[in-house]
Amino acid sequence: MSSPAASSVLRVALLGGGTVGAAVARRLLQHADRYADQLGRRPELTGVAVRDTTRARDGIPPALLTTDAAALVGDPATDVVVEVMGGLEPAGSLVETALRRGAQVVTANKQLVARRGEELHAIAREHGAGLHYEAAVMAAVPVLAVVRESMAGDEITALRGIVNGSTNYVLDLVAREGVPFADAVRQAGELGYLEADPTEDLEGVDAAAKVAILARTAWGTSVPLDAVETQGISGLTDADFAAAAGRGEVLKLVAEARRGGDGRVHARVAPTALPATDPLAQARGGTNVVEIDAVLAGTVRLVGAGAGGDETASAVLGDVVRAARPR
Ligand SMILES: NC(=O)c1ccc[n+]([C@@H]2O[C@H](COP(=O)([O-])OP(=O)(O)OC[C@H]3O[C@@H](n4cnc5c(N)ncnc54)[C@H](OP(=O)(O)O)[C@@H]3O)[C@@H](O)[C@H]2O)c1
């Protein structure tokens with residue numbers, strides 16, 4: 001990585017120009033002056049890797065589009081590689097290559113970080129690189145920074161939250177509008193709230209990845225994805241919703257983790273009936289909420305947008321700024 005003193009330009013390569021990538025690109029290009037004032041280095045977008053360069057992308061000059069992600073990552077002049085393509089491959093290999101040549105890497109890829117986070121951190125340490133992934137958990141809600149930095153002097157005992165906005169949208173539609181469960185799932189798909197393959201959301205896999213990352217960040221211990229007890233919402237029936245409503249409760253997909261007296265971390269994701277007064281029960285639509293319990297602080301609650309291009313770009317760009325600061 002070029003040293004800040006040697007260069008007044010911050011070269012940023014974007015891997016992915018979809019929902020999140022396009023929002024990051026637009027902001028970097030349209031607000032370059034602001035970042036230059038903030039960082040003392042003017043961000044320059046070196047390229048945006050996509051699969052299809054013929055498709056127009058709002059706010060991204062076509063000349064920046066490329067299918068050659070490896071060339072962007074391998075360019076020694078690139079200071080920060082932002083991975084927002086998703087999936088384990090080729091994203092994983094590209095991130096690894098960038099780290100091995102000492103670059104700063106920012107990623108929003110929860111599956112990659114949940115599965116290979118420790119290995120990638122080790123590579124980053126070995127090569128003087130940096131790995132940043134605030135956007136991978138709860139998008140705009142800066143929960144990792146709070147857990148890792150702001151609460152570092154406290155002792156976190158438990159985490160509990162709604163960390164998947166898509167399923168919360170579905171559950172909220174059923175609970176508040178009385179839409180049959182199957183119709184609510186269909187509607188969420190049509191509105192683009194669910195992935196084309198909705199399994200990750202509906203089976204709790206997305207939430208499991210996020211709680212694994214959160215727990216590892218809170219307690220510094222490895223939390224393999226297959227150690228997270230995971231149950232999604234796909235098995236719920238309209239009768240379950242009716243029964244919960246009859247008890248004055250609300251069904252939510254709750255992700256939680258706690259450290260037991262033996263020091264071991266227990267993490268799970270499961271549909272849970274909550275009293276209507278529970279702050280998690282009040283999360284509407286795609287909102288995410290997390291409660292962090294700590295010995296000194298008591299309960300700290302963070303609420304905000306858990307998805308969306310601009311909302312996720314907020315966290316990605318926060319990491320870009322962090323990555324660009326002199327160490
Ligand atoms: N969307 C959200 O609200 C959100 C929130 C938090 C985290 N995230 C994470 O952010 C990442 C990106 O999400 P997204 O919603 O922006 O996804 P998306 O809209 O599907 O965009 C993915 C982008 O990556 C490109 N891409 C995919 N595979 C590629 C390959 N092999 N080579 C080159 N380019 C490739 C795609 O190119 P084409 O456009 O040509 O297909 C597209 O531009 C994911 O890890 C996701 O989990 C998303």
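Reader: Which residue in E9 does Arg160 stand opposite?

Author: Strands of a sheet pair through backbone hydrogen bonds, either parallel or antiparallel. In this predicted model, Arg160 stands opposite Glu256 in E9. The strands concerned are E7 (residues 156-162) and E9 (residues 249-259), which run antiparallel and are joined by four bridges.

Reader: How many bridges join E9 to strand E10?

Author: Eleven bridges join them, and E9 and E10 (residues 265-275) run antiparallel. One place to look is Arg258, whose bridge partner in E10 is His266.

Reader: How many residues lie between E9 and E10 in the hairpin?

Author: Five residues lie between the two strands of this hairpin. Gly263, in the turn, has a positive phi of about 85°.

Reader: In what order do the six strands of the open sheet stand, and is their pairing parallel or antiparallel?

Author: The order is E3-E2-E1-E4-E5-E6, and the pairing is parallel. Strand E3 (65-66) and strand E6 (130-132) are at the edges with a single partner strand each, so one side of each has no neighbour in the sheet.

Reader: Where can I see E1 pair with E4?

Author: Strand E1 (residues 9-15) and strand E4 (residues 80-83) pair in the parallel sense over four bridges. Val12 stands opposite Val80 in E4.

Reader: Which strands does helix H5 touch?

Author: Helix H5 (residues 110-126) packs on the sheet and touches E4, strand E5 (104-107) and E6. The direction of H5 makes about 160° with that of E6. Another helix, H2 (residues 32-39), lies across E1 and strand E2 (42-49) and runs at about 125° to E2.

Terms used
Residues numbered from 1 in each chain as written. Predicted model: local features only at pLDDT ≥ 70, side-chain atom pairs only at ≥ 80, totals over all residues. Heavy atoms only, no water. Pairing = 2+ DSSP bridges. Contact = heavy atoms within 4.5 Å. Axes fitted to C-alpha atoms, helices over the stretch in contact; angles between N-to-C directions.
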